[in-house]
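Here are my notes on the model you sent. Please read them with the structure open.

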Amino acid sequence: MDGTREPAAVVDAVLRAHPGLPGLTDEDTRQAMADLLDAGFVEDAGAPVPVSGRERVRYSRGVPLLRWMDLGPRATPWDAQLRLLSARVLLIGVGGTGGHAAQSLVASGVGRLHCVDPDVVELSNLNRQPLFRESDLGRPKVEAALGTLRALNSDVTVTGERREVRGPEDLAELVRSGAPAVPRPPAVPRPPAAPRPPAAPRPLGVPATSELPGASEPYDLLVLAADRPDDIRRWANRVCLAAGLPWVDAGYRGPLVTAGIHVPGRGACWECLRAAEVARRDLRLAPGQDEEAASPHLPWNPASAVTAGLSGGLLAHAALALLTGVPALDPGFRFGMNLMLPGDPVLERSPRRPDCPACGDDRPTGGRAGSQAAERNGGPPGEPTREPPPERTGEPPAERTGKPPGEPSPERTGEPPGEPAGERAEGRSWNRAGGQG
Ligand SMILES: [Zn+2]
């Protein structure tokens, strides 16, 4: 059934291939074909490819992988890629983790990517941050990143702003602003245009760059790759819960690299996972005792091209899974690896906590926001997700837990003099992935 034979020829081939199968008839085989067609598991090999010739070639290796991992029915082999081409993503942080993730998303053909970062490129960044060159030293990271990303794939609309997220309000404003719809001239000369089919509609919601409307459009995903301020993950959790916006984050703590997948209304939120992690580790701290005493951290953030690359790769995978639905992942978990224990995968999953101050049923804004978010994100309100028991291996020494928003950050004093801001440690990262820079 690859488009080269009529149904009758397919039936003959099946019967010839299984001569010993008792009771197999023409009718059985025809019915099986009909069932497969009805269920959406048969692609039309003759269907027009719904992208330009140039995109068809560019994504010719990625689309087969998406088809491989996509276990659901689909209208065309390009379904998942079309969802990606229509996606609008907000990326916070373009350092090690964020730079690698941005590179993967842009190369893969995300529709629009808006990058936010406050820093300038420093020499110590160049051991792991892939978007920068020596010639970029002293330039704002966002400026250099945009040049690199646009040169990589000029079919993707990449925008950015040099800005620091100083509090949840900043993050909420960025999310609320939506993807800028600013027409952008190509950063690099395009190669001669491949013949474009006359009826090559862009996927849903994605006009060609020259047709971008004046208004911004809401994001489909927040990709968090910033490690400061210390509470930025908590802010992201609260802001995304309020907005019903799925988000992903990733980072590393030494050789441990993890990424988290969070969808409001579906499974545990970031704070649910954090609470479960604190309980699981059972540090037996005395009341008021700081966790730092039990788990000191380095005053800088050790990182290499390998840890940043893996972290960014996992982050991009998490983002692509949520944007395309391939592979279909049940959100509300962290996953990763420990390079010192390469055979032991890392997985953190726990049920949503009804008493969670961020997503729980008892919080002031309670079930309504959660229900709306669940509805938006494809899950019925209150639907229990599959929650296997926490499975943990290969964990490094425990570290400190998070703190409520607004609490001072004493560990900042431990930073070595002259350490660039983007290199700061995030010692209180509960999820044991302490940096993204
Ligand atoms: Zn929660």
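Which residues in H6 meet which residues in H11?

1. First, the basis. This is a predicted model: local features need pLDDT of at least 70, side-chain atom pairs count only at pLDDT 80 or more, and totals for chains, interfaces and linings use all residues. Residues are numbered from 1 along each chain as its sequence is written.

2. On the H6 side, the residues are Gly 96, Thr 97, Gly 98, Gly 99, His 100, Ala 101, Ser 104, Leu 105 and Ser 108. They meet Ala 308, Gly 309, Ser 311, Gly 312, Gly 313, Leu 315, Ala 316, Ala 319 and Leu 320 in H11. Contact here means C-beta atoms, placed from the backbone, within 7 Å. The residues of this contact divide into seven nonpolar, 11 polar and no charged. Ala, Val, Leu, Ile, Met, Phe, Trp, Tyr, Cys and Pro count as nonpolar, Asp, Glu, Lys and Arg as charged, and the others, Gly among them, as polar.

3. Now the geometry. H6 (residues 96–108) and H11 (residues 305–324) pack at about 45 degrees, with axes 7 Å apart. Axes are lines fitted to C-alpha atoms over the stretch in contact, and angles run from 0 to 180 degrees between N-to-C directions.

4. The protein has 12 helices and eight strands. These are DSSP runs: helices are H or I, at least four residues, and strands are E, at least two.

5. Eight strands form an open, mixed sheet in the order S3-S2-S1-S4-S5-S6-S7-S8. Strands pair if DSSP finds at least two bridges between them. S6 (residues 256–262) and S7 (residues 333–338) run antiparallel, joined by six bridges. Ile 261 stands opposite Phe 333 in S7.

Technical notes:
Contact = placed C-beta atoms within 7 Å.
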